[in-house]
Amino acid sequence: MKKKAKLIIGMALAFLAGQPGRVGGQEADTAERGHTVSELLRAGRPTVAPGYFMFPIAPGKPNFLAGSMGELRPNHFHGGLDIKTGGGVNQPVYAAADGYISRLKQSSFGYGNVLYITHSNGLTTVYGHLNEFRGPVAAELLRRQYDKQSYELEAFFEKDRFPVKKGEVVALSGNTGGSAGPHLHWEVRDAQDRQYNPLQWGGFPEIQDHLGPILQAFALEPLGIEARVKKVFAKALFVPKLQPAPGATTTWADTISAFGTVGLLVQGFDRFDNAWNKNGIQRVTVTVNGQPFYQHNIDAVPFPTGTRQVGNFVDFLYQNTQGRTLQKLWVDEGNDLQMYTTGPTKGRLNVEAGKVYNIDITLADSYNNQTPVHLVVRGEQPEYFKTRSAAVKKPALRFEVTRNLLKAVAADPSADSVGANLTLLRGNRRLEIRPSYTQNSENVYLYDLRAGLPDSIRFGSITKKFDRQVMIPSGKETSYATAHLNLIFGPETLFGNLYLSTSFKPEPTGSGFWTVGSPLLPLYHTATLTLKPATPPTDPARTAIYAATAKGGKAYVGGKWDDRGQITAQIRQFASYRILRDTTAPRGSLIGRAGGQLSFSVGDDMSGLASYRLLIGGKFRMLRYEHKKALLFTVASDTLGPRLHGPAELRLTDQAGNERVIPLSL
């Protein structure tokens with residue numbers, strides 16, 4: 001790794017010079033023929049003539065969706081349609097248009113058994129969570145699985161090897177992979193794996209929707225140190241007393257005061273006809289004083305990286321602390337999605353004192369059913385104010401970091417504490433900060449951390465350590481090291497600047513608890529984490545990094561040991577981590593012989609099952625794995641494996657390399 005100029009942090013204030021640890025900086029086409037996908041993408045998104053794609057489940061009959069394109073899931077945008085299959089499996093799955101099978105995959109995770117059909121217009125339809133494949137491709141898959149002696153397999157096929165016709169049955173629906181219940185996951189993608197909303201090209205008669213989205217709440221949030229909403233620096237949430245009906249206009253009766261750069265947020269959902277489950281809102285449009293201001297339309301999401309932008313599209317912290325999923329109606333820092341239409345402010349509203357802003361928000365679904373929301377914001381110049389409506393019984397000091405700002409709130413029973421300064425300390429240097437305002441007898445202080453990080457914060461008799469050790473800038477490769485760990489952030493690891501906190505609590509074993517960042521902050525791409533235990537492991541092959549869950553559990557992460565006794569792994573989230581040794585082999589037992597087939601219950605309490613093999617008379621017999629039920633089982637359609645008769649053994653291996661061999665007599 002090449003190191004560039006040293007990262008400068010805390011350059012604005014001399015009293016804050018220096019940081020703990022070490023920081024290093026690094027720096028579709030239409031149904032008409034003759035149009036290539038690249039030409040269409042240059043002109044915009046691909047267009048598809050109505051009727052080009054056939055609905056893949058029970059075409060011509062009423063259908064229902066369990067999930068819509070772009071729904072906000074905990075760590076991704078939902079990439080297609082989840083089509084209900086009546087609560088069961090083995091519904092015929094039809095090819096949506098003429099084409100050829102270009103790819104398929106069998107897995108016990110993710111999309112499970114998944115099929116890809118590429119069409120003459122350059123787009124590909126994806127069919128996920130299948131129970132079985134049908135036609136010649138199923139036999140080819142089985143042959144390859146026996147060649148590799150593995151159920152988990154991905155195969156790619158050249159054009160026209162496995163042609164299919166529109167309406168041909170290509171598979172049976174299922175509940176495989178990460179599915180939470182039987183359904184078909186169906187997508188449309190282009191050659192760059194961008195996921196497109198199948199409903200955007202005129203919809204399908206099988207899916208009826210005459211209902212507008214439902215508003216749950218909206219919010220205004222200050223986005224700069226000078227900004228205020230309702231006179232204070234805090235998000236203001238506005239919830240209708242009664243939830244509006246689908247499509248009903250909501251007009252907020254009270255004028256909302258604000259100042260400076262603020263952002264709008266909205267919470268809501270959509271429903272299709274005759275269905276109760278909540279689906280996503282496809283499009284949100286904002287006008288200010290009658291002029292177009294902002295729009296997002298979740299009809300195209302790059303896969304797989306763009307889908308993780310959901311952590312930046314919503315207010316991730318608020319979602320995980322308050323339970324409300326608020327969509328930001330501005331393009332936040334680090335957001336590279338191409339779903340927006342905005343002006344130069346990218347949806348940030350600059351509110352000037354004395355001016356009135358009539359704001360109209362329109363929520364819309366894929367069938368263009370709309371729900372209007374109207375509010376009025378009046379610009380009000382912020383000024384110092386104080387209130388004493390709450391009695392302060394004892395000294396208190398608390399703080400939080402919002403974007404690049406430190407917000408500290410302090411109070412003291414003494415009469416002269418109202419309006420008193422806050423002190424930031426760095427070594428023997430100090431900086432006095434005046435309060436921005438006093439609310440409920442508490443002083444509120446705002447400070448831009450890009451000017452430098454303090455060691456501690458003092459108010460009256462209270463001094464608290466500032467727990468962020470360093471600022472990690474977004475958009476560049478940056479490393480940070482302490483005596484106990486090392487972190488490398490890539491150019492796309494972070495959405496915005498990170499104010500990082502780490503800690504280490506040793507254990508007598510020589511391991512310990514490493515706390516890295518806050519789980520309330522999302523990562524876009526992975527970071528590289530190296531842990532430095534005081535004592536090198538005696539059995540590195542079976543010793544790995546585990547995430548320590550909130551309830552005392554553990555989740556295998558893995559890692560690779562080096563000759564210095566340090567272990568390195570990629571992490572997708574901030575968490576607490578431990579180094580643990582797994583010496584216990586997986587467990588398994590034969591639990592059934594229904595229909596002449598075998599089923600096994602399996603499990604592993606630490607690193608998790610990594611591989612499994614059933615040998616009958618020394619010959620490989622394929623097993624399917626259903627991780628949700630912790631089951632391995634044979635299938636009757638397997639015509640290549642040995643008969644289920646005679647001496648056999650089941651071999652189970654976990655991710656630490658522990659193996660258990662279970663002898664069987666069939």
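A residue is called buried when its relative accessible area is under 20%, exposed when over 50%, and partly exposed in between, using a 1.4 Å probe and protein chains only. This is a predicted model, in which local features need pLDDT of at least 70 and side-chain atom pairs count only at pLDDT 80 or more, while totals for chains, interfaces and linings use all residues. Residues are numbered from 1 along each chain as its sequence is written, and side-chain values use heavy atoms, with hydrogens and water left out.

**Stop 1**

Select Arg134, which is partly exposed at a relative accessible area of 38%.

**Stop 2: helix 2**

Select residues 136-148, which are helix 2. Helices (H or I, at least four residues) and strands (E, at least two) are DSSP runs numbered from the N terminus. Glu140 and Arg144 sit four residues apart in this helix, about one turn, and their side chains form a salt bridge at 2.8 Å, N to O. Glu140 is buried at 8%, whereas Arg144 is partly exposed at 22%.

**Stop 3: Arg581 and Asp539**

Now select Arg581 and Asp539, whose side chains meet in a salt bridge (3.4 Å, N to O). This pair links distant parts of the chain, 42 residues apart: Arg581 is in strand 45 (residues 575-581), and Asp539 is in the loop between strand 40 (527-531) and strand 41 (543-548). Arg581 is partly exposed at 47%; Asp539 is buried at 16%.

**Stop 4: a network**

Select Glu221, Lys235, Asp315, Lys328, Asp332, Arg348 and Arg403 together; salt bridges link them in a network.

**Stop 5: Ile281**

Go to Ile281, in the loop between strand 17 (256-269) and strand 18 (283-288). Is Ile281 buried or exposed? Ile281 is buried, with a relative accessible area of 4%. Leaving aside neighbours within four places in sequence, its contacts (heavy atoms within 4.5 Å) include Pro213, Phe269, Ile298 and Leu363. For a distance to check, select the C-alpha atoms of Ile281 and Lys394: they are 47 Å apart.

Note on methods
A salt bridge is a side-chain nitrogen of Lys or Arg within 4 Å of a carboxyl oxygen of Asp or Glu.
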